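Dear colleague,

Please find below the structure that I am handing over to you, together with its sequence. My findings follow directly after it.

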Amino acid sequence: MALAQTSRSITILGSTGSIGVSTLDVVRHLGRETFEVAALTGSANIALLAEQARAFDARLAVTADESRYNELKEALAGTGIQVAAGRSGLIEAAEMEAGLVMAAIVGTAGLAPTLAAAKRGADIALANKECLVSAGDLFIKAVKKGGGKLLPVDSEHNAIFQVLEENQRHALERVILTASGGPFREYSLAQMAGVTADVARAHPNWSMGLKISIDSASMFNKALEMIEAKHLFDLEPDQVEVIVHPQSVIHSMVGYTDGSVLAQLGCPDMRTAIGYALQYPQRASLAVERLDFAKLSRLDFEAPDEIRFPALRLARLAMTRGGVQGAVLNGAKEVALEAFIDGRTGFLTMAEITEKVMTELSNLPPASSMDDVFAADAEARRLATSHIA
Ligand code: NAD
Ligand code: MG
């Protein structure tokens, strides 16, 4: 039986996406006595957003797509649920009173609303890794200044967060991020050159949104996660390691100075990481599949190949250079990814374009404010676009 507790309020930025839907599934499972829903945001899928807002009795529903405001308003007519749209609507959702905000918008579009939530002191369950990749230490500082907790949702970072003991922080030697290797783990460069977005989106183990699935195939997702880990756990670039582990059972590991390695394991289901972030420091009781070690029988590991997956090398470059290089890498990559999805550029070209832009912008000074981060992101997008046209 669940213990009686006061219900907390939660806002979900990006509730209609893969993480958003799983978060609402966990919220439903935990029950109304645990969470009440403040605001939900989506973009194009108005039918799902309206259905979620009704089902969870949200106070506010926001579509990022301004042209769909009327559609959302009509879908929620007579419910008493407030409706808003566009960038200002997203900020309104982030600023609405709620103790916990799940940041699950994809890409740098999530940065401004997540920052708004952090500044007012909400606890942030962070799936939107691009916040940390682009804004890095400035984002961490904003959360600290606001006074809320930063709870990693990305499965690798959530795993590290689960096993990293704060009182042993001084003895931390390295973190080891596991990577499935994606659908092209065994492809040659020549094979990868010809793949389409439809093939690239088919992840072997995890069910995720379109962009992160393709980023997993190119290992840009792991590249972003390396930078994310550096900022989250305050690491030097050479303390962030990557190992390919095709079964995705070990979600990541922490290595200490005495040679010990601690790992978090589980079936590949984001609801475990989401549940941990939502209930921290307690553990949720979740109806996810349990690991059956007898059926599993083996776990495999191999070193990542930075020739076929240059994104990993680019992440190291961004971490070593520091400053706004994370924002540059991510901005250029997002433009190249959109172009790949639309069939305007090839799979391997995504890393080539990103590297070119990183070289062109290697001398940008470090950011002293968020405006500098947004400017670096915009400049990287402009240059990447010029290389695709
Ligand atoms: P998704 O594409 O399934 O959903 C994205 C959400 O963001 C949707 O609600 C969509 O409406 C909203 N959105 C899209 N563009 C927007 C814009 N311009 N402005 C405002 N909202 C917009 O993505 P996802 O797979 O749920 O991933 C969300 C975030 O979580 C990403 O940063 C991803 O890297 C991270 N993440 C996802 C997983 C996963 O298993 N899906 C795991 C780890 C981390
Ligand atoms: Mg991950």
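Ligand 1 lies between domain 1 (8-152) and domain 2 (156-267 + 292-306), because both of these domains give residues to the shell around the ligand. Please bear in mind that this is a predicted model.

Twelve residues from domain 1 and 15 residues from domain 2 take part in the contact between them.

The ligand site

There are 23 residues around ligand 1, and those that come nearest are Thr16, Ser18, Ile19, Ser43 and Glu130. By residue class, the shell divides into eleven nonpolar, nine polar and three charged residues.

Several backbone atoms of the protein approach oxygen atoms of the ligand. For Ile19, which is also among the nearest residues, a backbone N or O atom lies 2.9 Å from an oxygen atom of ligand 1. For Ala127, the corresponding distance from a backbone N or O atom to a ligand oxygen atom is 3.4 Å. A polar backbone atom of Gly209 is 2.9 Å from an oxygen atom of ligand 1. Taken alone, ligand 1 exposes 830 Å², of which the protein buries 84%.

The aromatic residues

A search of the whole structure finds six aromatic pairs. One of them joins Phe340 and Phe347 in an edge-to-face arrangement, with 5.6 Å centre to centre and 65° between the planes. The angle counts as edge-to-face because it is over 60 degrees.

Are the two partners of this pair buried or exposed? Phe340 has a relative accessible area of 3% and is therefore buried. Phe347 also counts as buried, because its relative accessibility is 4%, and the limit for a buried residue is under 20%. Both residues belong to a cluster in which ring pairs link Phe184, Tyr187, Phe340 and Phe347.

With kind regards

Technical notes: Residues numbered from 1 in each chain as written. Chains lettered and ligands numbered in written order. Predicted model: local features only at pLDDT ≥ 70, side-chain atom pairs only at ≥ 80, totals over all residues. Heavy atoms only, no water. Phe/Tyr/Trp six-rings, centres within 6.5 Å; stacked < 30°, edge-to-face > 60°. Buried < 20%, exposed > 50% of the residue type's maximum accessible area, 1.4 Å probe, protein only. Near = heavy atom within 4 Å. Polar contact = N/O pair within 3.5 Å; in protein donor to acceptor, adjacent residues only side chain to side chain. Areas by Shrake-Rupley, 256 points an atom, 1.4 Å probe, with all protein chains shown as cover. Nonpolar A, V, L, I, M, F, W, Y, C, P; charged D, E, K, R; others polar. Domains from an automatic or database assignment. Contact = heavy atoms within 4.5 Å.
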